[in-house]
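Biologist: I would like to learn how to read a model of a protein chain. Could we go through it feature by feature?

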Amino acid sequence: MLSGSWYIQKVSNNTYLLLKIRSVIYQHKTKYQYVEIIDFEDYGVGLVLDGLVQSTAADEYIYHESLVHPAMSIHPRPEKVLVVGGGEGATIREVLKHSTVNKCVMVDIDGELVEIAKKYLGFMHQGSFYDPRVQLIIRDGLEYVKEVEDKSFDVVILDLTDPYEPTGPARELYSEKFYKEIKRILREDGVVVSQMGNAFYYPKEYDQAVNDLKKVFRYVVQYGVWIPSFGYSVNYALATDIIDPLRIENDEIDKRLRERNVSTRFFSGKIYRSFVESMIIRR
């Protein structure tokens with residue numbers, strides 16, 4: 001919500017964050033959500049959907065590296081990856097850093113958002129939409145997954161709007177029914193990871209989504225990282241049936257990143273170890 005030269009961002013039902021604005025670059029209501037591109041004083045140009053900051057120039061790499069690389073790194077050789085959501089293109093940007101990847105399918109329901117991102121958020125997607133390994137599909141992620149053949153993907157990354165957004169397009173993608181479909185399309189050693197919003201402010205919705213994931217997968221681990229422009233720590237849940245994430249050492253993570261020529265600003269084996277420790281606490 002705009003108020004003079006400040007953006008009032010809802011953090012919870014009772015907490016708000018004020019972000020000072022340099023300029024409003026773009027505003028548009030798509031079929032699915034209200035899109036704003038805003039230049040913030042502390043965070044630079046950011047994407048805002050339905051009044052909630054999704055990514056900013058200053059800290060988007062923390063969010064996207066934390067979402068993508070734990071799942072990609074624990075898989076021994078991720079070749080085919082599915083990304084559901086991720087309209088600004090930064091998630092597929094991180095996926096494509098892994099030299100093992102030969103195909104990345106990105107499915108987003110909001111084609112208008114993707115076109116806006118192509119035009120205004122080049123510093124985020126860095127041309128990833130045009131990589132020959134990428135297949136971009138504008139469609140409801142739930143409907144797409146239902147039609148995918150069994151055991152099609154090594155890694156599935158769910159970069160969705162939050163589970164507690166009452167009018168968001170992703171509500172059904174935080175459910176046991178959807179997770180069963182994800183398990184079906186994953187190969188035996190496949191890995192799925194989802195951003196889960198914030199466990200502190202929205203424990204009911206968070207716990208429901210995590211518990212549904214636990215009904216479907218053998219190993220489910222949780223971790224979080226502070227995102228300054230959000231005003232809270234983002235929580236993630238990672239799930240597998242064969243690979244136990246707690247048994248992957250940080251040296252192995254660093255080795256795989258080197259072998260795949262992955263460059264990062266935030267994520268590393270050391271960061272993975274800090275995630276693992278938080279996983280143990282919450283497990």
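This is a predicted model: local features need pLDDT of at least 70, side-chain atom pairs count only at pLDDT 80 or more; totals for chains, interfaces and linings use all residues.

Biologist: What secondary structure elements does the chain have, and how many of them?

Modeller: The chain has nine helices and 13 strands.

Biologist: What share of the residues is buried?

Modeller: Here a residue is buried if its relative accessible area is under 20%. In this chain 59% of the 283 residues are buried. The accessible surface comes to about 11900 Å², and carbon and sulfur atoms hold 47% of that surface.

Biologist: What share of the contacts joins residues 24 or more positions apart?

Modeller: Take the contacts in the chain with a separation of 6 or more: residues 24 or more positions apart account for 66% of them.

Biologist: How many positive and negative side chains are there, and how far apart are the centres of the two sets?

Modeller: There are 36 positive and 41 negative side chains. The centres of the two sets lie 3 Å apart.

Biologist: Now the strands. In which sense does β7 pair with β8, parallel or antiparallel?

Modeller: To read a pairing, take the sense, then the number of bridges, then a pair of residues that stand opposite each other. β7 (residues 80-85) and β8 (residues 103-108) are parallel, with five bridges.

Biologist: In which sense does β11 run relative to β13, parallel or antiparallel?

Modeller: Antiparallel, with five bridges between β11 (residues 186-195) and β13. S194 has A237 in β13 as its bridge partner. β12 (residues 219-227) is also antiparallel to β13, with nine bridges. β12 and β13 form a hairpin with four residues between them, and G231 in the turn has a positive phi of about 80°.

Biologist: How many residues of β7, β10 and β13 are buried?

Modeller: For β7 the count is five of six, so this strand is largely enclosed by the rest of the structure. β10 has seven of its seven residues buried. In β13, eight of nine are buried.

Biologist: Where is T240, and is it buried or exposed?

Modeller: T240 is in β13 (residues 232-240). Its relative accessibility is 0%, so T240 counts as buried. Y219 stands opposite T240. Apart from neighbours within four places in sequence, the contacts of T240 are I74, G190, V191, F217, R218, Y219 and P245. V155 lies 85 residues away from T240 along the chain, and their C-alpha atoms are separated by 9.7 Å.

Biologist: Is a loop residue such as T100 buried or exposed?

Modeller: T100 is in the loop between α2 (90-95) and β8. At 9% relative accessibility, T100 is buried. Beyond its neighbours within four places in sequence, T100 touches R77, P78, E79 and R260.

Biologist: What is there to read in the phi angles of Q126 and K151?

Modeller: Most residues other than glycine have a negative phi. Q126 is not a glycine, yet has a positive phi of about 50°. Q126 lies in the loop between α4 (122-125) and β9 (134-138) and is exposed, at 55% relative accessibility. K151, also not a glycine, has a positive phi of about 55°. K151 is in the loop between α5 (141-147) and β10 (153-159) and is partly exposed, with a relative accessible area of 48%.

Terms used: Residues are numbered from 1 along each chain as its sequence is written. Side-chain values use heavy atoms; hydrogens and water are left out. Helices (H or I, at least four residues) and strands (E, at least two) are DSSP runs, numbered from the N terminus. Buried means under 20% relative accessible area, exposed over 50%, partly exposed in between (1.4 Å probe, protein chains only). Contact means heavy atoms within 4.5 Å. Accessible areas come from the Shrake-Rupley method with a 1.4 Å probe; for residues, only the protein chains shown count as cover. Lys and Arg count as positive and Asp and Glu as negative; His and the chain ends are not counted. The place of a charge is taken as NZ of Lys, CZ of Arg, CG of Asp or CD of Glu. Two strands pair if DSSP finds at least two bridges between them.
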